[in-house]
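Reader: I have the sequence and the model open side by side. Can you walk me through what matters inside?

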Amino acid sequence: MPDNDGRNAVDGPAMHDSGWKRVVLKLSGEAFAGDDQLGISPDVVRYVAAAISEAVAKGIQVAVVIGGGNMFRGAQLSQGGMERSRADYMGMLGTVINCLALQDFLERLGIETRVQTAINMSQVAEAYIPRRAIRHLEKGRVVIFGAGLGAPFFSTDTAAAQRALEIGAQAVLKGTQVDGVYDSDPRKNTTAVKFDRLDYNEVLTRGLKVMDATAVSLCMDNGLPIVVFDLMGRGNILRAVQGEKIGTIVCPADA
């Protein structure tokens, strides 16, 4: 079957015996910095790559969207006086740096990987083509989506939701620095209450920090589950991609 356009790719994934069959893993750029404010921690990227490789070995199709907050944050640069669109494009380029780092560590583990970007940069990555991405996933490759949606004013959270819908993923898994969604910041409020399950409307009306409102609305309109979990907890990435109960799941109220 041709690899260049994916015309023979299936319309959507089948359910895996142990949970999800195809997922989008959303990683924050800040997590890639480890204990530092900026840059890339090889230890963190190595940990993430090893967890993804375990998931691939179990037959789970994994696509990844990475933020760029460890490099640039468009909104913050804009607040400092930079024109917002230009600042956002700088942030998109920062995500590609993270994509290439993860690709390197994955391929060191023998995992075939493709980086696809929403901004054309053919010397380092493929252009984003949904059907090609699906074919890569079906062949057991990890696909890493970079440069967000290629347009300013959209977050990488929204990019993760959009890409998940386009490639027929069954869930968006958001790795964060806390173990789920709380009614307030658990790092500042010791009495914060954790939610095991939420519906989209509650997230939006209460302004809970799951993903930005555009991303949550996209998932709500299409019934796409969101799982929020502690990225660095030992074994958590594999548990999340296998569909195990972990963190907080955001889904339709009647699901």
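Reader: Start with Val 210. Buried or exposed?

Author: This is a predicted model. In it, Val 210 has a relative accessible area of 3%. The cut-off for buried is under 20%, so Val 210 counts as buried.

Reader: Where is Val 210 found?

Author: In a loop. Val 210 sits between helix 7 (200-206) and helix 8 (213-222).

Reader: What does Val 210 touch, not counting residues up to four places away?

Author: Val 210 touches Asp 157, Lys 174, Val 181, Val 203, Ile 226, Val 228 and Val 250.

Reader: And how far apart are Val 210 and Val 227?

Author: They are 17 residues apart in sequence. In space the distance is 9.0 Å, C-alpha to C-alpha.

Reader: On to the sheet. How many strands, and in what order?

Author: Nine strands make an open sheet, ordered 4-3-5-2-1-6-10-11-9. The pairing is mixed.

Reader: Which strands stand at the edges?

Author: Strand 4 (126-127) and strand 9 (197-199). Each has a single partner strand, so one side of each has no neighbour in the sheet.

Reader: What about strand 1? How many of its residues are buried?

Author: Six of its six residues are buried, so strand 1 is mostly covered. Arg 22, Val 24 and Lys 26 point one way from the strand. Val 23, Leu 25 and Leu 27 point the other way.

Reader: Which way do strand 1 and strand 2 run, and how many bridges join them?

Author: They run parallel, with six bridges between them. Val 24 stands opposite Ala 63 in strand 2.

Reader: And strand 1 to strand 6? How many bridges there?

Author: Five bridges, and that pair also runs parallel. Lys 26 stands opposite Lys 174 of strand 6.

Reader: Ala 63 came up. What stands opposite it in strand 5?

Author: Val 143. Strand 2 (residues 61-66) and strand 5 (residues 142-146) pair in the parallel sense over three bridges.

Reader: Which strands does helix 2 lie across?

Author: Strand 1 (22-27), strand 2 and strand 5. Helix 2 runs at about 155° to strand 2.

Reader: Now the core. How many residues are in the largest nonpolar one?

Author: The largest nonpolar core has 37 residues. Those with the most contacts inside it are Leu 27, Ile 52, Val 62, Val 64, Leu 102, Ile 144 and Leu 173. Helix 2 (residues 42-57) gives the most to this core, with eight residues. Apart from it lies another core, of 30 residues, with Val 24, Val 203, Leu 208 and Ala 215 among them.

Reader: Take Ile 144. What is it in contact with, sequence neighbours aside?

Author: Leaving out neighbours within four places, the contacts of Ile 144 include Val 64, Ile 66, Cys 99, Leu 102 and Leu 106. Thr 113, Arg 114, Val 115 and Gln 116 are also among them.

Reader: Helix 4 next. How many residues, and how far does it reach?

Author: Helix 4 has 25 residues and reaches 37 Å from its first C-alpha to its last. That is close to the 36 Å expected at 1.5 Å a residue.

Reader: What caps its N-terminal end?

Author: Glu 83 does. One of its side-chain oxygens lies 3.2 Å from the backbone nitrogen of Ser 85. After helix 4 comes Gly 110, with a positive phi near 85°.

Reader: Asn 98 is in helix 4. Buried or exposed?

Author: Buried, because its relative accessible area is 0%. Away from its sequence neighbours within four places, its contacts include Gly 29, Phe 32, Ile 40, Asn 70 and Met 71.

Reader: Last thing. What is the phi of Ala 147?

Author: Positive, about 65°, although Ala 147 is not a glycine. Phe 153 also has a positive phi, near 75°.

Reader: Where are those two found?

Author: Ala 147 is in the loop between strand 5 and helix 6. Phe 153 lies in the loop between strand 5 and helix 6 too. Ala 147 is buried, at 0% relative accessibility, whereas Phe 153 is exposed, at 55%.

How values were computed:
Residues are numbered from 1 along each chain as its sequence is written. This is a predicted model: local features need pLDDT of at least 70, side-chain atom pairs count only at pLDDT 80 or more; totals for chains, interfaces and linings use all residues. Side-chain values use heavy atoms; hydrogens and water are left out. A nonpolar core is a set of buried Ala, Val, Leu, Ile, Met, Phe, Trp, Tyr and Cys residues joined through side-chain atoms within 4.5 Å. Buried means under 20% relative accessible area, exposed over 50%, partly exposed in between (1.4 Å probe, protein chains only). Helices (H or I, at least four residues) and strands (E, at least two) are DSSP runs, numbered from the N terminus. Contact means heavy atoms within 4.5 Å. The expected span of a helix is 1.5 Å times one less than its number of residues. A polar contact is a pair of N or O atoms within 3.5 Å; within protein, one must be able to donate a hydrogen and the other to accept it, and residues adjacent in sequence count only if both atoms are side-chain atoms. Two strands pair if DSSP finds at least two bridges between them. Axes are lines fitted to C-alpha atoms, for helices over the stretch in contact, and angles run from 0 to 180 degrees between N-to-C directions.
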